[in-house]
Amino acid sequence: MKALFIADAHLKNSHDANYQKLLMFLASLVHPSEVEKQLDLQPTIQQRIPVDDLYIGGDFFDFWFCRGREVYPEFVPVISALTAIRDRGIRVHFAEGNHDFFLADYFTRMLGMEVYPEWGTFMLDDCKVLFSHGDTVDRQNVQYLRLRKLLRSAFVYQLQRRLPLSLLWKIAGAGSAASKGTARIPEEKLAEILHAFSAAKLRREFDAVILGHCHQPIMKEYSIGSRKRYSITLGDWIRHFSYLYYEDGNFRLCFFEA
Ligand SMILES: [Mn+2]
């Protein structure tokens, strides 16, 4: 089977360069059974990437709130692209990020896509995978873990259902911009924490641990017992345009060039 993983696109405005690049990339994904067929793809699409499952590893959107079918208008083009992918027979799965959560109301209920609020575990052929955004890996960051718990509480869930959407989008957009200005743990340090966590998981039960969050595209291979095991952070779709491609037992970290 073939699977593709991306994370941290932090989509905001449909005219942003990274958003446009991601749309081009998504348009190139086809179900393996369709590779040979003549598809009505955009003429600009050079390559076709055969995929059974697309896994989105969190912070795909820079913020997320919706009400029923009403979503932030700037997100309509990418949601159409994901729906088109689904209609081509590709299964779409989301892990929630620290920027985008409460995704199931829309993506599962309306579009039938799978959402993992924190951890996803699944098999790719006989490879046992642990998949998450990774924002809960650093247990030392107690302040963040507390905030995360509060933001995802039943109280906040009910509150956001009652507030006007336009206000929520304004608050979320401003909050996201403000969080970028504050001092955070450097990406490289965060990547170290994530890969150390993954290495421990690989020694116990998983063949691959796949995380986002640190924006660093890194794949580490280990030979444990008779098997190859993988610790992967997916990079991002802001600077790296990286994706992980799984095909019949092998992982490859790739970079999209439009
Ligand atoms: Mn993140």
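**Backbone, helix packing and aromatic groups in a predicted model**

At a relative accessibility of 10%, His10 counts as buried, the cut-off for that class being under 20% relative accessible area. The structure discussed here is a predicted model. His10 sits in the loop that runs between strand S1 (2-6) and H1. Its backbone deserves attention: the phi angle of His10 is near 45°, a positive value in a residue other than glycine.

Phe102 is not a glycine, yet its phi is positive, at about 60°. This residue is placed in the loop between strand S5 (91-95) and helix H3 (104-107). With a relative accessibility of 15%, Phe102 counts as buried.

Two packed helices are described by the angle between their axes and the distance between the axes. For helix H1 (residues 17-27) and helix H2 (residues 76-87), the axes come within 10 Å and cross at roughly 10°. Angles under 35 degrees count as roughly parallel, and H1 and H2 are therefore roughly parallel to each other. The crossing of the two helices, H1 and H2, is left-handed. On the H1 side, the contact is made by Tyr19, Leu22, Leu23 and Leu26; H2 contributes Val76, Pro77, Val78, Ala81, Leu82 and Ile85. Sorted by class, the contact of H1 with H2 has 10 nonpolar residues, with no polar and no charged ones.

Aromatic side chains form another theme of the model. The structure holds 32 aromatic pairs. Among them is the pair of Tyr116 and Phe122, which is stacked, with 6.0 Å from centre to centre and 20° between the planes. Both partners, Tyr116 and Phe122, are buried. One aromatic cluster is formed by Phe60, Phe61, Phe63, Trp64, Tyr72, Phe75, Phe94, Tyr106, Phe107 and Trp169.

Arg184 lies in the loop between helix H6 (165-181) and helix H7 (187-204). Its relative accessible area is 60%, and since the exposed class begins over 50%, Arg184 is exposed. Arg184 and Gln158 are 26 residues apart along the chain, and their C-alpha atoms are separated by 30 Å.

Methods. Residues are numbered from 1 along each chain as its sequence is written. This is a predicted model: local features need pLDDT of at least 70, side-chain atom pairs count only at pLDDT 80 or more; totals for chains, interfaces and linings use all residues. Side-chain values use heavy atoms; hydrogens and water are left out. Axes are lines fitted to C-alpha atoms, for helices over the stretch in contact, and angles run from 0 to 180 degrees between N-to-C directions. Helices (H or I, at least four residues) and strands (E, at least two) are DSSP runs, numbered from the N terminus. Angles under 35 degrees count as roughly parallel, over 145 as roughly antiparallel, 65 to 115 as roughly perpendicular and the rest as oblique. A crossing is left-handed if the near helix is turned anticlockwise from the far one by less than a right angle, and right-handed if clockwise. Contact means heavy atoms within 4.5 Å. Ala, Val, Leu, Ile, Met, Phe, Trp, Tyr, Cys and Pro count as nonpolar, Asp, Glu, Lys and Arg as charged, and the others, Gly among them, as polar. Rings of Phe, Tyr and Trp (its six-membered ring) pair if their centres lie within 6.5 Å; planes under 30 degrees apart count as stacked, over 60 as edge-to-face and the rest as tilted. Buried means under 20% relative accessible area, exposed over 50%, partly exposed in between (1.4 Å probe, protein chains only).
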